[in-house]
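Colleague: Hi! I'm new to this one, could you walk me through it?
Modeller: Happy to, here it is.

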Amino acid sequence: MKQVLFTFCCVLSSVWGSVQAAESVKPNIVFILADDIGYGDLSCQGAKHVKTPNLDRLAKQGCRFTDAHSPASTCTPTRRAFLTGTYSWRQKAGSSIAPGDAALTIPPGTATVASLLKSAGYRTGVVGKWHVGLGGEGGPEWNAEIKPGPLEIGFDSAFIMAATGDRVPTVYVKDHRVVGLDPNDPIQVSYRQKIGTDPTGEENPELLKLKHTHGHDKTIVNGIGRIGWMSGGKSARWIDEEMSDTFVKHAVEFIEASRDRPFFLFFATHDVHVPRVPHPRFKGTSSVGTRGDVIHELDDAVGTVLATLDRLKLTENTLVIFTSDNGGVMDDGYEDVGSFDYHPNAPLRGTKGTLFEGGHRVPFLARWPGHIPTGSTSGALLAHLDMAATFAALVGADVPAGQCLDGVNVLPALLGKSTTGRADFVAHVGGTQGPFALRSGHWKLITPGGGGYGKAAKGSVKPSAVGPQLYDLQADPAESKNLAELQPKKLNEMQGLLVKIRGVEK
Ligand code: NG6
Ligand code: CA
């Protein structure tokens, strides 16, 4: 009997052990997506004129990926591809930068990083910049229930801004509602108004303040021009100086409330997008102007999230990833950024909005103590759109058939078990018809036509200005020698591969 009891206990304890083991492969996941941070913007990526001790700590305690890519060189298509695991250029509506009143561009029912993790028992939350649309056809109902939105595509909670800091409405949305809205002062938003008129076409003195700058009609809110037309919602308007702290506070609250379950936090900072308005405690802290100051603010925000994980003893069991939604840009049409000798994407060519590496090769730091080798670097090719397949593999979630079409499970690379990631990768600026950049091995093709936006291409030739471009990134990481004419066979091969990946007729 004693023996039987002993065996029973052993079996029980080994079953319990394996239950615990199964549990422990479900780390918490914090995915931090910074806005417009360039490849060379962090100290650990070589930046000399800013200091990013918290991000450097993340790199030191984990792995720095040197060939990681945002799926697009602008925000909306990157975020959709990250969330859905499918290239935005393959998806119809909303493959370009969305206006602030865009309807949700990810139809409910689409598998997302959040819905996959939720199906595996995770508590899922998003805090920060959303910018993939809200509401049904016709866009969000700002004064009523705003849905569908994050909660309808896999998130349990949301504290977000709809679009960008430079797009109206300048309010936060919590779950389905605008935060702090006075029903007697309803919000009106339009991206089709004429300067100085309200929706009825009447002249409205408040709106005479509207300015048309940099190709956009702008409403002055809190003294700053924002793209689009907005009135009302005065009690709900955010304070730019407090935005970073506000998002951090909600990120910390989410972590605290989720500490007893595996959780997934998508923390999408507004820093360092325009308008760049640091909290006074960061003003003047860098030697390269406001953009440097908000990099410091961003680093501090990451530091608070890391400190929260430490305080709650969650660090060991949390996978933290930090990356950016597109490459860096100095002048994005707002403040005078001065004439500092500062290159946000150094040593890469190009900026946000272009298809050179500076447009879409971004910092990517990953830490998971005991699982990702500390202080390592990896040259594996990977992209944000791989996260759905990768996280699903990590936690044992099933990806429904016909979903997450382009993501590759890069878990072996993420965990330092393999030096290779994806075989190829297609970046775009936005839209569905190109131009495109194709990576395959160390070769890169940039197709001609229409690329880049605004002044983003400053200092570099717009992809539209020349015919096809072919670069050997191994020999020429700065994309300085276009080999298209010298290597017609390679050019042809790359063009053929792009056609094949896009699934279009030649
Ligand atoms: C551009 C805006 C830029 C930025 C960008 C979107 C001007 C001159 N430019 O139209 O400021 O908001 O859109 O950036 O207004 S993104 O990172 O969200 O894609
Ligand atoms: Ca961006």
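Colleague: What classes of residue make up the shell around ligand 1?
Modeller: The shell has six nonpolar, seven polar and nine charged residues. Here Ala, Val, Leu, Ile, Met, Phe, Trp, Tyr, Cys and Pro count as nonpolar, Asp, Glu, Lys and Arg as charged, and the others, Gly among them, as polar. One caution: this is a predicted model, where local features need pLDDT of at least 70 and side-chain atom pairs count only at pLDDT 80 or more, while totals for chains, interfaces and linings use all residues. Residues are numbered from 1 along each chain as its sequence is written, chains are lettered from A and ligands numbered from 1 in the order in which they are written, and side-chain values use heavy atoms, with hydrogens and water left out.

Colleague: Which residues are closest to ligand 1?
Modeller: Cys75, Lys129, Asp166, Arg167 and Lys352 are the closest of the 22 residues that surround ligand 1 (a heavy atom within 4 Å).

Colleague: And the calcium ion (ligand 2), which residues are its protein donors?
Modeller: Asp35, Asp36, Asp325 and Asn326 supply them, at 2.2 to 2.7 Å; donors are N, O and S atoms within 2.8 Å of the metal, or 3.2 Å for Na, K and Ca, and water is not among the atoms, so sites may look incomplete.

Colleague: Are Asp325 and Asn326 buried or exposed?
Modeller: Both Asp325 and Asn326 are buried, meaning under 20% relative accessible area, against over 50% for exposed and in between for partly exposed (1.4 Å probe, protein chains only).

Colleague: How are the donor residues spaced in sequence?
Modeller: The spacing for the calcium ion (ligand 2) is D-D-x288-D-N.
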